[in-house]
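Please look over the model below before reading on.

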Amino acid sequence: MGTRSIIAATTLLAAGCVPRAGNTPPAPPPPVPMLETEIANLPETPPAWEAKPASAGAKQVEGSLYRVLDGDTLRGVGEKTGAGSEAIARANSLAAPYTIFPGQMLRIPAGRYHKVGQGETGIAIARAYGVGWSDILALNGLQEPFVLRVGQRLALPDAAVPPARQTMEQRAAAFRLDIASILSGGEPAQPEGKPPARPVATAARTLPPTAAVAVPASFHGGFGWPATGRLLTRFGPSGKGQINQGVNIALPRGTDIKAAADGVVAYVGDGVNAYGGLILIRHGSGWATAYGHAQELLVSRGQAVKRGQVIGRSGQSGFADQPQLHFEIRQNSKPVDPLKHLPPA
């Protein structure tokens, strides 16, 4: 099978228990319904952070001073010292194009540095060390489009407990998979000089999970409603100390979910428990949209989609208490109020 779909077992009438008249053939059994937590067309290919786990092999670098030699580059100094070239640039207030000259004294910042390997993602690196990906982002000053480079050295925050001694509960507490982490740390590292893979046209063709996917360079046009229905929850505080990072729309089960704008699918799956069937689309210029609680997922990672294209069907997956769609608009991975960017309902 090209997709995996787990269908709930229900109690059916045993064969021969239904009375028949003469030679009338028995009525076909009723269709087997899908449980609220089940999702059709889940991708068989694991996401990049599961396909390529990272190894916790960071090296501790002591703070020091380095005298620049003839032929040195900032990247080369990073290789010699074990510190990240980006961290060295920040420590010495160097700006692009990061020119250094012989005899210059560079301060090498102390810390633990992980050398990014082929196909590794920020999520996998954070999991390997039992630290929050958001903490790695902040420590390294990473910004949109959050693309890691093979060979890049990331400074790591200190873990409350060394990874080797962490329990599964401590690792789970230190790192939590959510929409922001997928958008900022879900793409595999890009080899320098190698272009990302071009988007595919249909869900029938899938890209390898370790292939970085090209996204639109810029976003043109506005957003459209992904579905029409009654608003259940608006953006912002939603009671009981919770904050809704999007809007929730009541929909009959199986309603078409449409892409809010042109873009490239960044994620399809059920890895974020709260949202069940989840689709993330990048639109360029740091914009992205999220579609949660889906019952069916009809697109694949790396697929180019158009505004209004059906990408899934609504359901009650995840923590939803009724059939609905959770919809978010994000800029630079941060949620914004969708109602300020959608046409009047």
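1. Terms for the core. A nonpolar core is a set of buried Ala, Val, Leu, Ile, Met, Phe, Trp, Tyr and Cys residues joined through side-chain atoms within 4.5 Å. Buried means under 20% relative accessible area, exposed over 50%, and partly exposed in between, with a 1.4 Å probe and protein chains only. Residues are numbered from 1 along each chain as its sequence is written, and side-chain values use heavy atoms, with hydrogens and water left out. The model is predicted: local features need pLDDT of at least 70, side-chain atom pairs count only at pLDDT 80 or more, and totals for chains, interfaces and linings use all residues.

2. Main core. The largest nonpolar core has 31 residues. I125, W133, I136, I182, L278 and L280 have the most contacts inside it. At least two residues of this core come from each of helix 4 (122-129), helix 5 (133-140), strand 5 (153-156), helix 7 (179-185), strand 11, strand 12 (277-284) and strand 13 (287-297). Helices (H or I, at least four residues) and strands (E, at least two) are DSSP runs, numbered from the N terminus. Helix 4 gives the most to this core, with six residues. Apart from this core lies another, of 27 residues, with I257, A261, I279 and V305 among them. In soluble globular proteins, nonpolar side chains tend to be buried together.

3. Helix 4. How many of the eight residues of helix 4 are buried? Seven are, so the helix is largely enclosed by the rest of the structure. The buried residues are G122, I123, A124, I125, A126, A128 and Y129. Just after helix 4, G130 takes a positive phi of about 65°.

4. L280. Contact means heavy atoms within 4.5 Å. Leaving aside neighbours within four places in sequence, L280 is in contact with I179, I182, L183, V264, V265, A266, Y267, T289 and A290.

5. Ring pairs. Rings of Phe, Tyr and Trp (its six-membered ring) pair if their centres lie within 6.5 Å; planes under 30 degrees apart count as stacked, over 60 as edge-to-face and the rest as tilted. A search of the whole structure finds five aromatic pairs. The W49 and Y267 rings have centres 5.9 Å apart and planes at 25°, so this pair is stacked. W49 lies in helix 1 (residues 48-51) and Y267 in strand 11 (residues 263-269), so the pair ties together parts that are 218 residues apart in sequence. Separately, F219, F223 and W287 form one aromatic cluster.

6. W49 in its setting. W49 counts as buried, at 5% relative accessibility. Y267 also counts as buried, at 6%. Leaving aside neighbours within four places in sequence, W49 is in contact with T121, I123, A124, R127, L177, I182, G186 and Y267. The C-alpha atoms of W49 and P209 are separated by 8.4 Å, though these residues are 160 apart along the chain.

7. On a 1 Å grid over the protein atoms alone, a cavity is a set of points where a 1.4 Å probe fits but cannot get out; lining residues have an atom within 4 Å of a point. Grid points are joined across faces, edges and corners, and a volume is the space filled by probe spheres set on the points. The count comes to two cavities of 30 Å³ or more. R75, G78, E79, A83, G84, S85, E86, R149, G151 and R153 line the largest cavity. Helix 2 (74-81) and helix 3 (85-91) are the elements that give two or more residues to this lining. Helix 2 gives the most, with three residues. By class, the lining has one nonpolar, four polar and five charged residues. Here Ala, Val, Leu, Ile, Met, Phe, Trp, Tyr, Cys and Pro count as nonpolar, Asp, Glu, Lys and Arg as charged, and the others, Gly among them, as polar.

8. Second cavity. About 40 Å³ of space lies in the second largest cavity. Which residues line the second largest cavity? They are E187, V213, V215, V264, V265, A266 and R282. Strand 11 gives the most to this lining, with three residues. Five of the lining residues are nonpolar, none polar and two charged.

9. S300. This residue sits in the loop between strand 13 and strand 14 (304-305). S300 counts as buried, at 8% relative accessibility.

Technical notes:
On a 1 Å grid over the protein atoms alone, a cavity is a set of points where a 1.4 Å probe fits but cannot get out, and a pocket is an open set with protein on both sides within 12 Å along at least five of seven lines; lining residues have an atom within 4 Å of a point.
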